[in-house]
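Colleague: Please take a close look at one part of this model for me, the place where the two chains meet. I would like one connected account in plain words.

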Amino acid sequence: MKGRTVAFLVTAVLAVSTLLFGIFRKEIAEVLINGALL
Amino acid sequence: MRYLKRRIFQGLGAVLPNAWLPGFLSASLYQGPMKSVCTPLLNCYACPSALLSCPIGTLQHFAAGGNVSWYAVGTLSVVGASVGRMTCGTLCPFGALQDLLYKFRGWKASLPHWTRYLRYAVLAGLVFVIPYLTHENWFSKLCPVGTLMGGLPWVTMNAGIRSMVRSLFWVKIAIVLFFVTTSTMVKRPFCRAICPLGAIFSLFNKSSFLQLAWDPDTCTRCGKCQMICPVDIRPDRNPTDPDCLRCLDCTLCPSLKLTTVFQRQPFDTRKATLTCGENGLMMPRSH
């Protein structure tokens with residue numbers, strides 16, 4: 001179970017970092033345009 | 001009661017991301033700020049009432065342009081790291097439709113084990129590689145959810161779009177009919193064999209915050225958990241199975257329960273000791 005806890009913490013940090021990187025690259029605007037003007 | 005709760009959540013999963021009802025009246029897409037949010041469901045953003053964006057459509061759009069959508073990958077990773085595949089089991093409207101279709105009486109079959117790997121091929125091929133090579137969103141073109149929520153409403157409402165219907169539309173209808181028919185015989189065939197979103201979330205089942213825990217001391221291996229499981233797996237053999245939708249139907253059994261990754265002993269060991277039989281064998285608690 002300890003290994004799984006470490007795996008979760010690593011996954012969570014990577015997931016949040018990836019999301020923040022996407023936001024930092026201003027991808028939200030492109031997602032909005034793609035979704036709204038299909 | 002537990003089933004009813006899940007059906008209510010599945011209903012909310014169908015209604016809330018598609019709550020822009022003026023879209024049906026004005027035959028236009030919602031273009032507000034909510035469209036910048038990727039829903040953790042396979043929910044077509046071409047649906048006239050769609051409020052949120054489809055994460056798989058977003059991934060394909062970026063792949064077709066030679067990029068990776070870190071925003072969509074990050075959104076799905078955060079959801080996956082939190083709850084694993086739980087959104088598939090408790091919120092996905094297409095999953096709910098397949099659950100209901102399986103309730104039809106008639107001939108039933110099980111899906112071959114190897115088909116579970118197809119969804120990873122669909123994810124790699126139709127969501128990343130082929131869109132990158134052809135600059136077209138090929139999964140969206142064939143997606144049965146897109147046909148039901150986007151294609152059919154638009155063709156029904158708009159004469160201009162109706163006149164543009166070509167052979168691809170009939171291929172999409174055939175795909176929908178195939179999955180509707182097979183769902184009456186096989187438990188959730190699309191989720192288990194094809195869904196690329198399920199493929200992404202299933203990668204997180206082993207390391208997500210929420211976990212399914214199994215108590216070997218009280219389990220009688222009766223196999224009833226497989227009978228009620230919507231994806232036909234044995235949670236007692238592998239509680240972190242990548243196929244597990246975390247629908248929690250199997251937690252009706254006291255040997256299975258929802259826990260967190262930080263919980264060291266999810267089951268009360270004192271209770272298990274109290275059920276110890278006279279000859280020293282562990283006896284199951286009353287189910």
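Modeller: Of the 38 residues in chain A, 24% are buried. Bear in mind that this is a predicted model. Chain A has two helices and zero strands, and its C-alpha atoms fill a box of roughly 45 × 20 × 5 Å along the principal axes.

Now to the meeting of the chains. On one side, 24 residues of chain A take part, and they are in contact with 28 residues of chain B. Two helices of chain A, α1 (2-24) and α2 (27-36), each give at least two residues to the side that touches chain B. The largest share of that side comes from α1(A), with 14 residues. Sorted by class, the side of chain A that touches chain B holds 15 nonpolar, six polar and three charged residues.

Two packed helices are described by the angle between their axes and the distance between the axes. For α1(A) and helix α4 (residues 70-83) of chain B, the axes come within 7 Å and cross at roughly 150 degrees. Angles over 145 degrees count as roughly antiparallel, so α1(A) is roughly antiparallel to α4(B). The crossing of these two helices is left-handed.

Which residues of α1(A) and α4(B) meet? From α1(A) come Phe8(A), Thr11(A), Ala12(A), Leu14(A), Ala15(A), Val16(A), Thr18(A), Leu19(A), Phe21(A), Gly22(A) and Ile23(A). From α4(B) come Trp70(B), Tyr71(B), Val73(B), Gly74(B), Thr75(B), Ser77(B), Val78(B) and Ala81(B). By class, this contact has 13 nonpolar and six polar residues, and no charged ones.

Helix α9 (residues 144-157) and helix α11 (residues 167-183) of chain B pack at about 115 degrees, with their axes 8 Å apart. That angle makes α9(B) roughly perpendicular to α11(B), and their crossing is left-handed. On α9(B), the contact uses Pro144(B), Thr147(B), Leu148(B) and Gly151(B). On α11(B), the contact uses Phe169(B), Lys172(B), Ile173(B), Ile175(B), Val176(B) and Phe179(B). The residues of this contact divide into seven nonpolar, two polar and one charged.

Leu4(B) counts as exposed because it has 8 C-beta neighbours inside 10 Å. Between Leu4(B) and Cys253(B) there are 17 Å from C-alpha to C-alpha, and the two are 249 residues apart in sequence.

Methods. Residues numbered from 1 in each chain as written. Chains lettered and ligands numbered in written order. Predicted model: local features only at pLDDT ≥ 70, side-chain atom pairs only at ≥ 80, totals over all residues. Contact = placed C-beta atoms within 7 Å. Helix = DSSP H or I, 4+ residues; strand = E, 2+ residues; numbered from the N terminus. Nonpolar A, V, L, I, M, F, W, Y, C, P; charged D, E, K, R; others polar. Buried ≥ 20, exposed ≤ 12 C-beta atoms within 10 Å, placed from the backbone. Axes fitted to C-alpha atoms, helices over the stretch in contact; angles between N-to-C directions. Parallel < 35°, antiparallel > 145°, perpendicular 65-115°, else oblique. Left-handed = near helix turned anticlockwise from the far one by under 90°.
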